[in-house]
Amino acid sequence: MSGPDYSFAIKDFFDKDLERRLNLPTEESSGLPNVAYTSEAFFRFEQGTVFRKNWVFAAFAHQIPQPGDMLPVDIAGQPVVIVRDEDENVRAFHNVCRHRGAKLIDEPQQGRKSLVCPNHSWSYSLQGKLIARPHFFGGEKHDINHQACHRSDLVEIRGSVWHDWIFINIDGHAAKFNEHIAFIETRIQGYDFSALGFAEKLEFDIDANWKLTIENFIEPYHVFSCHPWLNSFVGMEQRTPPDFHEHILYCGYQFEKTDPARGEGLPYFPGLSKDRQKRGDWYVLFPNFAFEIFPDQVDVFIASPESAKRTKETIALYFIGDGTHAPEFEQARRHVIKNWYDLNQEDIGIIERMQAGRASDGFDGGVLSPYWDPVQQQFARLIVRAMR
Ligand code: FES
Ligand SMILES: [Fe+2]
């Protein structure tokens with residue numbers, strides 16, 4: 001992955017009029033121009049703005065269950081290490097040594113007592129404090145006196161854990177995390193997330209810009225055309241357009257029948273209200289974290305940007321209580337997991353087709369449906385705002 005680039009300004013990519021156009025009524029507006037999906041320079045600028053200023057998903061808490069577990073990740077084009085410390089708190093640090101800037105950790109680690117730099121063996125505690133600098137004052141003259149080390153601790157990154165999901169904010173200036181998710185928290189009241197268990201992860205390599213996967217995730221407009229099974233489950237006339245609240249995009253439906261592909265036979269959230277036993281909702285937490293809630297599952301979608309035209313998509317599937325691992329639910333689980341895999345394959349084809357179209361002089365932002373696409377306009381506005 002290429003690193004962030006702070007040398008650009010928004011005017012290097014977008015004409016002056018774009019912001020005005022994005023605020024017009026949807027039918028006169030458009031999405032983002034092609035450069036936002038095709039240019040590597042734009043990609044690096046976006047990494048340094050959108051992904052640095054916002055709360056961004058970094059890792060699953062279940063990946064570092066024990067004290068001393070560590071996970072290296074790349075966020076906003078920067079090396080980051082997520083650590084579970086002795087007190088079981090999750091911490092995030094810039095994954096770089098304070099001495100000569102060597103990257104510290106390349107592979108996930110389990111049960112370590114410290115982080116040791118491979119270059120000159122400076123060591124850091126799980127809280128990021130410098131422990132020792134061998135031979136620092138000359139041969140056999142080690143620095144084990146922390147007083148001299150105040151400029152030498154690891155640089156910590158603001159982090160927050162929400163259920164199984166670790167978010168970080170690299171520039172440290174985003175709103176408080178609980179404010180960031182307050183709107184969603186209100187809407188999902190009544191779903192007991194403590195009953196969730198992680199069951200399976202699906203990963204996909206997509207030849208498209210990450211924004212196309214998120215834009216596709218939130219829109220129900222393509223269902224009748226691209227997802228035959230899904231359309232038979234809930235038809236277009238039962239669907240309403242997505243809505244948004246600032247950086248949160250959302251949509252949902254009531255369904256009339258159950259189906260094995262949608263979790264028939266799996267346990268439901270405990271104490272779930274009657275209407276929610278026949279309801280699905282999905283959310284995008286800008287920029288690239290999304291999830292769906294059904295009575296029997298929560299499914300998380302993360303679009304990890306790898307380059308302007310390449311995205312790794314991760315789908316993590318969670319079920320309720322015994323639904324997560326118990327053998328009697330194995331078949332029901334497999335059915336759901338296969339359905340997610342198949343639906344996503346249907347989406348990937350169309351996402352890559354939209355990427356291919358963005359090489360064309362015949363497209364530059366498009367013409368939007370006033371009914372279905374106001375959310376696409378909002379997503380474009382959020383990108384532009386973060387880049388200012
Ligand atoms: S670069 Fe890490 S100890 Fe020198
Ligand atoms: Fe889709």
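Figure 1. The centres of domain 1 and domain 2, taken over C-alpha atoms, are separated by 34 Å. Domain 1 covers residues 56-169 and domain 2 covers residues 187-387; these bounds come from an automatic or database domain assignment. The model is predicted, and for this reason local features need pLDDT of at least 70 and side-chain atom pairs count only at pLDDT 80 or more, whereas totals for chains, interfaces and linings use all residues. Residues are numbered from 1 along each chain as its sequence is written, and chains are lettered from A and ligands numbered from 1 in the order in which they are written. Seven residues of domain 1 are in contact with nine residues of domain 2, two residues being in contact if their C-beta atoms, placed from the backbone, lie within 7 Å. On the side of domain 1 that touches domain 2, strand E1 (residues 56-60) supplies the largest share, three residues. Helices (H or I, at least four residues) and strands (E, at least two) are DSSP runs, numbered from the N terminus. The residues on this side of domain 1 comprise four nonpolar, two polar and one charged. In this classification Ala, Val, Leu, Ile, Met, Phe, Trp, Tyr, Cys and Pro are nonpolar, Asp, Glu, Lys and Arg are charged, and the others, Gly among them, are polar.

**Figure 2. The open sheet of six strands.** The strand order is E1-E9-E8-E4-E3-E2, with antiparallel pairing; two strands pair if DSSP finds at least two bridges between them. E1 and strand E2 (70-75) are the edge strands, each pairing on one side only. Direction ignored, neighbouring strands of this sheet are turned by 30° against each other on average. Axes are lines fitted to C-alpha atoms, for helices over the stretch in contact, and angles run from 0 to 180 degrees between N-to-C directions. Within the sheet, strand E3 (residues 78-84) runs antiparallel to strand E4 (residues 90-94), and five bridges join them. Arg84 has Val90 in E4 as its bridge partner.

**Figure 3. The open sheet of three strands.** Here the order is E5-E6-E7, and the pairing is antiparallel. Strand E5 (114-116) and strand E7 (130-132) each have a single partner strand, so one side of each is left without a neighbour in the sheet. From one strand to the next the twist averages 35°. E5 and strand E6 (residues 123-125) run antiparallel and are joined by three bridges. Leu115 stands opposite Tyr124 in E6.

Figure 4. Strand E13 (residues 279-285) is mostly covered, with five of its seven residues buried. A residue is buried if 20 or more other C-beta atoms lie within 10 Å of its own, exposed if 12 or fewer, and partly exposed in between, with C-beta atoms placed from the backbone. Strand E12 (residues 248-254) runs antiparallel to E13 and is joined to it by seven bridges; Gly252 stands opposite Asp281 in E13. Five bridges also join E13 to strand E14 (residues 289-294), again in the antiparallel sense. The bridge partner of Trp282 is Glu292 in E14, and that of Leu285 is Phe289. Three residues lie between E13 and E14, which form a hairpin.

Figure 5. Five of the six residues of E14 are buried, and the strand is mostly covered. E14 pairs with strand E15 (residues 297-307) in the antiparallel sense over six bridges. Glu292 has Asp299 in E15 as its bridge partner. Two residues form the link in the hairpin that joins E14 to E15.

Figure 6. Helix H6 (residues 210-218) is largely enclosed by the rest of the structure, because eight of its nine residues are buried. These buried residues are Trp210, Lys211, Leu212, Thr213, Ile214, Glu215, Phe217 and Ile218. Thr213, in helix H6, counts as buried because it has 27 C-beta neighbours inside 10 Å. Apart from neighbours within four places in sequence, Thr213 is in contact with Ile206, Ala208, Ala303, Thr311, Glu313 and Ile351. Thr213 and Thr311 lie 98 residues apart in sequence, and their C-alpha atoms are 8.4 Å apart in space.
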